[in-house]
Amino acid sequence: MASVKQFQVTFDCKDPERVARFWCEVLGYEVPPPPAGFATWADYETSLPAEKRGEWFAAKDPTGVGPRLFFQRVPEGKVVKNRVHLDVRVGTGLVGDERLAALRAEAARLVALGAVVVQELIADGVNESCIPMLDIEGNEFCVD
């Protein structure tokens, strides 16, 4: 049996391009080039029937290491907690006050982009600190 070498993470959302661009800012990702034959994404979008415009958008890791992120428009809004979420790893290797300061600094940067802090979970002797947050459409993620 062959092992999986690549995967993408897919987000259901209301406004794929807006959410994709938010995650590009969060992770240092970039928007891939438009499809062949189009100079810009706007050119590509205007070539589609009106009902297909804005249906999806993507983001990629410029280093090629991280997974591609795919954002697809769905008609329904988010109604329950995500079963899977991303952890934005900024505190790896840090502990105590140093870790919490790094997490808070990243959370502040993300709030400026439109994210919302849900709560701060402070280290309790078993688990290290993390900050659960919501992206611009209410999807949960953690600054960890």
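Four strands make up an open sheet here, ordered S4-S7-S6-S5, with mixed pairing. Keep in mind that this is a predicted model. Beyond that sheet, S1, S2 and S3 pair up with one another through S3, which runs parallel to S1 and antiparallel to S2. The largest nonpolar core counts 27 residues, the aromatic pairs come to ten, and the disulfides to zero.

- S5 meets strand S6 (residues 131-134) in the antiparallel sense, over two bridges.
- In that pairing, Val-116 sits opposite Leu-134 of S6.
- Helix H3 (residues 96-112) lies across S4, S5, S6 and S7, and it runs at about 5° to S6.

- Strand S1 (residues 8-13) and strand S3 (residues 68-73) run parallel, joined by six bridges.
- Asp-12 is found opposite Gln-72 in S3.
- Strand S2 (residues 56-59) also pairs with S3, this time antiparallel and through four bridges.
- Here Ala-58 faces Phe-70 as its opposite number in S3.

**Aromatic pairs**

- Out of ten aromatic pairs in the structure, take Trp-23 and Phe-141: their ring centres are 4.9 Å apart and their planes are at 75°, so this one is edge-to-face.
- Trp-23 belongs to helix H1 (residues 16-27) and Phe-141 to strand S7 (residues 140-143), so the pair ties together parts 118 residues apart in sequence.
- Both partners are tucked away: Trp-23 is buried at a relative accessible area of 1%, and Phe-141 is buried with a value of 1% too.
- Trp-56 and Phe-70 make a stacked pair, 5.7 Å centre to centre with 20° between the planes.
- Since Trp-56 lies in strand S2 and Phe-70 in strand S3, this pair ties together parts that are 14 residues apart in sequence.
- Trp-56 counts as partly exposed, with 23% relative accessibility, whereas Phe-70 counts as buried at 16%.
- Trp-56 and Phe-70 also show up in one aromatic cluster, along with Phe-38, Trp-41, Tyr-44 and Phe-57.

**The nonpolar core**

- Among the 27 residues of the largest nonpolar core, the ones touching the most other members are Trp-23, Leu-69, Phe-71, Leu-110, Met-133, Phe-141 and Val-143.
- At least two residues of this core come from each of S1, H1, helix H2 (41-46), S2, S3, H3, S6 and S7.
- H1 gives the largest share of the core, with six residues.

**Cysteines**

- The disulfide count is zero.
- For Cys-13, the closest cysteine sulfur is that of Cys-24, and at 12 Å the two are too far apart for a bond.
- Cys-13 is buried, its relative accessible area being 3%.
- Cys-142 has its closest cysteine sulfur in Cys-130, 4.7 Å away, which is likewise too far for a bond; a disulfide would need the sulfur atoms within 2.5 Å.
- Cys-142 counts as buried as well, at 12% relative accessibility.

Key:
Residues numbered from 1 in each chain as written. Predicted model: local features only at pLDDT ≥ 70, side-chain atom pairs only at ≥ 80, totals over all residues. Heavy atoms only, no water. Pairing = 2+ DSSP bridges. Phe/Tyr/Trp six-rings, centres within 6.5 Å; stacked < 30°, edge-to-face > 60°. Buried < 20%, exposed > 50% of the residue type's maximum accessible area, 1.4 Å probe, protein only. Contact = heavy atoms within 4.5 Å. Axes fitted to C-alpha atoms, helices over the stretch in contact; angles between N-to-C directions. Core = buried A, V, L, I, M, F, W, Y, C linked by side-chain atoms within 4.5 Å.
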